[in-house]
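The sequence and model come first.

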Amino acid sequence: HPIGALFGLSHGLVNAVLLPVVSEFNYQFSESKFNHISKCILPVESRKRFHNLLKDFNKKLKVPLKFSQLGLVLDKKTEDKIVYDVKHSGVLKCNPRKVSEKEIRGILKKLW
């Protein structure tokens, strides 16, 4: 939510860019769920980790893999605002893994 609101991006686009990175971050905490989804989507010979499946899907749809590809800049002030908003938005309550501020910043760096 904070990234879309701050940069005026659609919720769907933000989620499409976020999902591969966030699912990779959460993979070890929800591996069976992610693998189940992959099994439902792909034939046996094509199965891969869910975050790689999402990256490939995004490439086919021409969805950027990083927000910098949209011309967005993540300076210190913007990063601090996003981190604050993420920590206070309530979205982390549903995350399968506890997330520290340092980890949020690490995810943001991967997204840019």
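## Pocket lining

α1, α2 (11-26), α5 and α6 each supply at least two residues to the lining of the largest pocket. α2 gives the most, with 9 residues. Helices here are DSSP runs of H or I, at least four residues, numbered from the N terminus. A pocket is an open set of points on a 1 Å grid over the protein atoms alone, where a 1.4 Å probe fits, with protein on both sides within 12 Å along at least five of seven lines; lining residues have an atom within 4 Å of a point.

The largest pocket holds about 670 Å³ of space. Its lining counts 26 residues; Leu18, Val22, Val91, Leu92 and Asn95 lie nearest the centre. By class, 20 are nonpolar, 6 are polar and none is charged.

## Basis

The model is predicted: local features need pLDDT of at least 70, side-chain atom pairs count only at pLDDT 80 or more, and totals for chains, interfaces and linings use all residues. Residues are numbered from 1 along each chain as its sequence is written, and side-chain values use heavy atoms, without hydrogens and water.

## Helix α5

Gly90 follows α5 and has a positive phi, near 95 degrees.

Terms used: Grid points are joined across faces, edges and corners, and a volume is the space filled by probe spheres set on the points. Ala, Val, Leu, Ile, Met, Phe, Trp, Tyr, Cys and Pro count as nonpolar, Asp, Glu, Lys and Arg as charged, and the others, Gly among them, as polar.
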